[in-house]
Amino acid sequence: MNHASFRRNWPADFIWGSATAAAQIEGAAHEGGKEDSIWDAFARVPGAIAGGDTPDRAVDHYHRMPEDVALMRSLGLDSYRFSTSWARVVPGGRSVNQEGLDFYSRLVDELLGAGILPWLTLYHWDLPQALQERGGWANRDTAFRFAEYAEAVYESLGDRVTHWTTFNEPLCSSLIGYVGGEHAPGLNDPEAGLAAVHHQHLAHGLAVERLRGLADAAGRDIRLGITLNLTNAVPNDPADPVDLEAARRIDALWNRMYLEPLLLGAYPSDLLADVREFGLDARVLPGDLQQISQPIDFLGVNHYHDDNVSGHPLPAGTAPSLRPTDRPGRSPFPGSEHVSMPSRGLPRTAMDWEVNPAGLTRLLVRLGAEYPNLPPLYVTENGAAYDDDVSDDGAVHDAERTRYVLDHVDAIAEAIEQGADVRGYFVWSLLDNFEWAWGYEKRFGIVRVDYDTFERTPKDSAHAFAALIVRAKRQLAATTIVG
């Protein structure tokens with residue numbers, strides 16, 4: 001392979017990993033004391049999920065966890081980023097379910113026994129349905145219930161887990177779930193969506209404060225952060241004021257509405273003006289922003305694609321965007337519903353997402369330039385869905401995904417050379433899985449899962465990623481010996 005990533009020396013502490021989410025892989029939807037999450041309930045709504053699929057069985061990780069950890073070890077992963085299911089740990093939002101915690105305790109022990117760093121995410125979208133019935137994230141009380149859930153998980157796992165992520169991609173679980181309606185709970189309510197944004201921010205701050213206090217009291221090391229899905233909002237015509245304004249609006253809603261309360265303790269003033277009619281500012285109570293901007297030890301960056309945007313309608317005859325179902329929805333961008341996303345003619349994945357690795361370099365460098373107090377960065381998700389075929393030899397020769405992963409790793413190396421403080425890369429996803437509203441139709445895994453037998457087969461991309469890890473560590477060892 002001629003990829004530059006094989007020729008570069010990576011930082012000595014760089015972490016190579018892969019990631020999953022509980023609702024997408026565990027299955028056992030009503031075993032071990034678990035009750036409905038919003039995704040279990042949403043999947044029963046007619047037309048909500050492609051093919052009528054549900055996460056009931058997913059890929060059976062709940063029962064096959066040791067096998068999956070052995071697979072991670074065979075690939076040479078340094079770390080595994082997983083999520084705990086709130087609906088398994090505190091089913092129905094009531095009392096702590098020890099059987100649910102015991103599953104994650106066994107997982108952590110299995111990982112540590114394999115020499116793999118556990119990287120825990122507390123919220124990857126599976127709110128207990130009972131809390132949704134009380135308003136979900138539009139209800140301020142949910143933020144305080146989240147802090148209690150975080151404490152319960154820490155009390156069980158904090159003696160062995162050092163790396164804690166509060167939220168994964170709050171944009172998706174607020175705007176796409178409460179406004180766009182494509183994700184659970186499937187609402188089309190801009191006011192509720194912006195309330196969810198703020199209450200998730202508040203929940204993050206409350207959990208960071210509580211977990212750090214617990215760790216300090218116990219004399220334990222802890223690293224606390226959050227993962228955001230960030231984009232480059234690229235104006236379709238950089239000389240057109242209308243497109244520049246569209247890019248500003250999407251940057252505000254997609255990036256700065258999350259980054260700036262967390263890092264700067266304030267919502268962007270232009271964002272507040274854009275969404276004034278939906279009452280976001282009224283949700284912010286005295287002390288909230290100080291709570292939200294608790295210091296964090298790292299920022300997780302999820303990035304799959306840029307967004308080319310315009311303030312003009314799409315040309316007549318443009319093919320409609322790819323959608324998982326025909327269920328009615330609306331733009332997830334309150335106050336900026338008119339913004340369109342014209343094609344730049346770049347290659348696309350099976351999700352119809354642009355492939356542009358240079359965008360990841362640009363994003364990572366930009367973060368460091370714009371936020372002087374930025375903590376170290378980890379690319380906590382990056383990957384691609386393609387239509388895989390099993391060859392006659394039983395293998396999956398996924399050349400497009402392999403190229404996608406290696407090219408994006410190169411993009412990270414380039415960002416590091418330009419001064420970005422990036423300390424890890426987690427490929428999404430370890431396993432083919434339940435891809436939210438797409439059900440089992442889209443495969444992101446570097447390991448193929450047969451959805452009938454649950455057999456796991458590492459794809460060519462998995463072998464290429466494993467080889468990259470080996471090569472990077474050999475280079476580091478050689479450099480250390482020479483030095």
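## Strand pairing around strand 3

In this predicted model, strand 2 (residues 79-83) pairs with strand 3 in the parallel sense, the two being linked over five bridges. Within this pairing, Tyr 80 is found opposite Pro 118 of strand 3. Strand 3 also runs parallel to strand 4 (residues 163-168), to which four bridges join it, and here Leu 120 stands opposite Trp 164 of strand 4.

Strand 3 itself covers residues 117-123, and because six of its seven residues are buried, it is largely enclosed by the rest of the structure. Helix 8 (residues 170-180) lies across strand 3, strand 4 and strand 5 (223-229), and runs at about 45 degrees to strand 5.

## The closed barrel

These pairings belong to a barrel into which eight strands close, with parallel pairing, in the order 1-2-3-4-5-7-9-10. From one strand to the next, the twist averages 25 degrees. In general, the strands of a sheet pair through backbone hydrogen bonds, either parallel or antiparallel.

Further along the order, strand 7 (residues 298-302) and strand 9 (residues 377-381) are paired in the parallel sense over four bridges, and Leu 299 has Leu 377 in strand 9 as its bridge partner.

## Asn 302 in strand 7

Asn 302 lies in strand 7, and its relative accessibility of 1% is why it counts as buried, the cut-off for which is under 20%. Which residues beyond its neighbours within four places in sequence are in contact with Asn 302? They are Arg 81, Asn 168, Glu 169, Thr 227, Leu 228, Asn 229, Leu 230, Thr 380 and Glu 381.

Two of these contacts can be described further. The side chains of Asn 302 and Thr 380 are joined by a polar contact of 2.7 Å, while the C-alpha atoms of Asn 302 and Leu 228 are separated by 6.0 Å, although the two residues are 74 residues apart along the chain.

Just after helix 5, Gly 115 adopts a positive phi of about 75 degrees.

The buried residues of helix 5 are Gly 100, Leu 101, Phe 103, Tyr 104, Ser 105, Leu 107, Val 108 and Leu 111. The elements that cover them include helix 1 (22-25), helix 3 (61-75), helix 4 (86-89) and helix 7 (141-157), together with strand 2 and strand 3.

Conventions:
Residues are numbered from 1 along each chain as its sequence is written. This is a predicted model: local features need pLDDT of at least 70, side-chain atom pairs count only at pLDDT 80 or more; totals for chains, interfaces and linings use all residues. Side-chain values use heavy atoms; hydrogens and water are left out. Buried means under 20% relative accessible area, exposed over 50%, partly exposed in between (1.4 Å probe, protein chains only). Two strands pair if DSSP finds at least two bridges between them. Axes are lines fitted to C-alpha atoms, for helices over the stretch in contact, and angles run from 0 to 180 degrees between N-to-C directions. Contact means heavy atoms within 4.5 Å. A polar contact is a pair of N or O atoms within 3.5 Å; within protein, one must be able to donate a hydrogen and the other to accept it, and residues adjacent in sequence count only if both atoms are side-chain atoms.
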